[in-house]
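Biologist: I am new to this chain. Could you walk me through its structure in short steps?

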Amino acid sequence: MSGVDVNLVLRSTRVVTPEGTRPAAVAVAGGTIDAVLPYDAEVPAGARLEDFGDDVLLPGLVDTHVHVNDPGRTEWEGFWTATRAAAAGGITTLLDMPLNSLPPTTTVENLRTKQQVAAPKAHVDTGFWGGALPSNVKDLRPLYDAGVFGFKCFLSPSGVEEFPELDQEQLARSMAEIAGFGGLLIVHAEDPHHLADAPQRSGPAYADFLASRPRDAENTAIEGLIAHAKRLNARVHVLHLSSSDALPLIAAAKREGVRVTVESCPHFLTLTAEEVPDGATEFKCCPPIREAANQDTLWAGLADGIIDCIVSDHSPCTTDLKTPDFASAWGGISSLQLGLPAIWTEARKRGHSLDDVARWMSAAPAELAGLSRKGAIEAGRDADFAVLAPEATFTVDPAELFHRNQVTAYAGKTLHGVVRSSWLRGVRIASDGVLAEPTGRLLERDR
Ligand SMILES: [Zn+2]
């Protein structure tokens, strides 16, 4: 018990806890979960009761891979629109990627600039990854001490010139530096040589784009990354895994005790190369969406625990940058508000439960980032929740999304799972698509 009085009780016949889904009443005191009680537990005097009936009470989702692009490219997104979209989609914590904003999050000064911009706009709790560049090894420790959750790097061109990639020597140097203070390196793993050797054909055909980003580029980069991590005993995380061919490598490394974790994304797990229409560059991202058979193997990797978590890699841009030429269009898929229903729609078809979804989309990303107060409905954690009607369906209308640019690969899809409300530290922040005033906090790494 917290010593603060219980002021709120949330009740549902289906509460998703780390021990499984059951009827329960969740007592909240001062924004923290005080206790998870039997469904019919007496409501303390003075506490408000919210009964969701058969709607499911999930832990608020934690999305550790979001490109907010603020400040600098706010016409692409921004903290106001991104965090509203997150709240509407059941996400109560997000971590912002260090690139595409100007400045990028590569020095303490730049981090402070980003925090100042984000603070008044954050509808959900918001934290920051730092960036590892060829030129900023000296900035990594100060950034870590200033509260970033870890460091992102690229091994192939990032798409923006202010965020250059690391070659193998630079990767080893940054990884050693980060491992030296116990930090985490998160990696966009595509090998530049394999990309350079792949056929590059411009135009509207998705098959040409897919051929330009071969699985080998991912497999080779991941193999190299694992070798460095093993040698340096470093903690590394593979971002947005698309190539299922890399799963045996990763599984073997995990068995050997190499400290490697892996994420995949809703687009790799719910969309397929076969269905991408010509010129439909809202489906373009790097690495790319691959074939249906690849997707089946990724789901097997999730079921086996080789893939740890599912995060959005929401990476929007303005409509004009999504030209119908796959070679020149901006790469990035917009999905922040839709990740939960997209994944749940596919997961239920494949026989998975909401317990699995909560593990992949809340507990595991919270653990990745070391967010010990997030990621589960249990006493002592923040009272962050998503209330989901899992049997209800809706058809994605881009005009109803809170993203700044309403371009999405999910347009017109009918999805299972309607987010009824989201709660942040015991406060309702979204309710049937109506957003409250921002109450999100800026998060720093647990110390
Ligand atoms: Zn990304």
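What follows is a set of questions and answers on domains, helix contacts and backbone features.

Biologist: Into which domains is the chain divided?

Modeller: First, note that this is a predicted model.

Biologist: Which feature does UniProt place at residues 56-393?

Modeller: Over residues 56-393 the chain is 38% helix and 15% strand. The end C-alpha atoms of this stretch are 15 Å apart. The name comes from an unreviewed UniProt entry, which reads "domain: Amidohydrolase-related".

Biologist: Are α7 and α8 roughly parallel or roughly antiparallel?

Modeller: Helix α7 spans residues 215-232 and helix α8 spans residues 247-256. Their axes come within 10 Å and cross at roughly 10°. Angles under 35 degrees count as roughly parallel. That angle therefore makes α7 and α8 roughly parallel.

Biologist: Which residues of α8 meet α7?

Modeller: The α7 side of this contact is N219, I222, E223 and I226. The contact residues divide into five nonpolar, one polar and one charged. On the α8 side, the partners are L249, I250 and A253.

Biologist: What is the relation of α4 to α7, roughly parallel or oblique?

Modeller: Helix α4 covers residues 168-180, and its axis comes within 10 Å of that of α7. The two axes cross at roughly 40°, and the crossing is right-handed. Because of that angle, α4 and α7 are oblique.

Biologist: How many charged residues are in the contact of α4 with α7?

Modeller: From α4 come Q168, L171, A172, M175, A176 and A179. They meet G224, H228 and L232 in α7. By class there are six nonpolar and three polar residues, and the charged count is no residues.

Biologist: How do α11 and α12 lie, oblique or roughly antiparallel?

Modeller: The axes of α11 (residues 339-349) and α12 (residues 354-369) come within 10 Å. They cross at roughly 140°. Over 145 degrees would count as roughly antiparallel. So α11 is oblique to α12.

Biologist: Which residues of α12 meet α11?

Modeller: The crossing of α11 past α12 is right-handed. L340, I343, W344 and A347 are the α11 residues in this contact. The contact has six nonpolar, no polar and one charged residue. Its α12 members are D356, V357 and M361.

Biologist: Where is P71 found?

Modeller: Most peptide bonds are trans. The bond from D70 to P71 is cis, with omega near 0°. P71 is in the loop between β6 (61-66) and α1 (79-88).

Biologist: What is omega for the peptide bond from C286 to P287?

Modeller: P287 is in the loop between α9 (266-270) and α10 (292-303). The bond from C286 to P287 is cis, and its omega is near -5°.

Biologist: What is the phi of N233?

Modeller: N233 sits in the loop between α7 and β12 (235-238). Most residues other than glycine have a negative phi. N233 is not glycine, yet its phi is positive, near 50°.

Note on methods. Residues are numbered from 1 along each chain as its sequence is written. This is a predicted model: local features need pLDDT of at least 70, side-chain atom pairs count only at pLDDT 80 or more; totals for chains, interfaces and linings use all residues. Axes are lines fitted to C-alpha atoms, for helices over the stretch in contact, and angles run from 0 to 180 degrees between N-to-C directions. Helices (H or I, at least four residues) and strands (E, at least two) are DSSP runs, numbered from the N terminus. Angles under 35 degrees count as roughly parallel, over 145 as roughly antiparallel, 65 to 115 as roughly perpendicular and the rest as oblique. Two residues are in contact if their C-beta atoms, placed from the backbone, lie within 7 Å. Ala, Val, Leu, Ile, Met, Phe, Trp, Tyr, Cys and Pro count as nonpolar, Asp, Glu, Lys and Arg as charged, and the others, Gly among them, as polar. UniProt positions are given in the numbering used here, feature names are shortened, and annotations may be inferred rather than shown by experiment. A crossing is left-handed if the near helix is turned anticlockwise from the far one by less than a right angle, and right-handed if clockwise.
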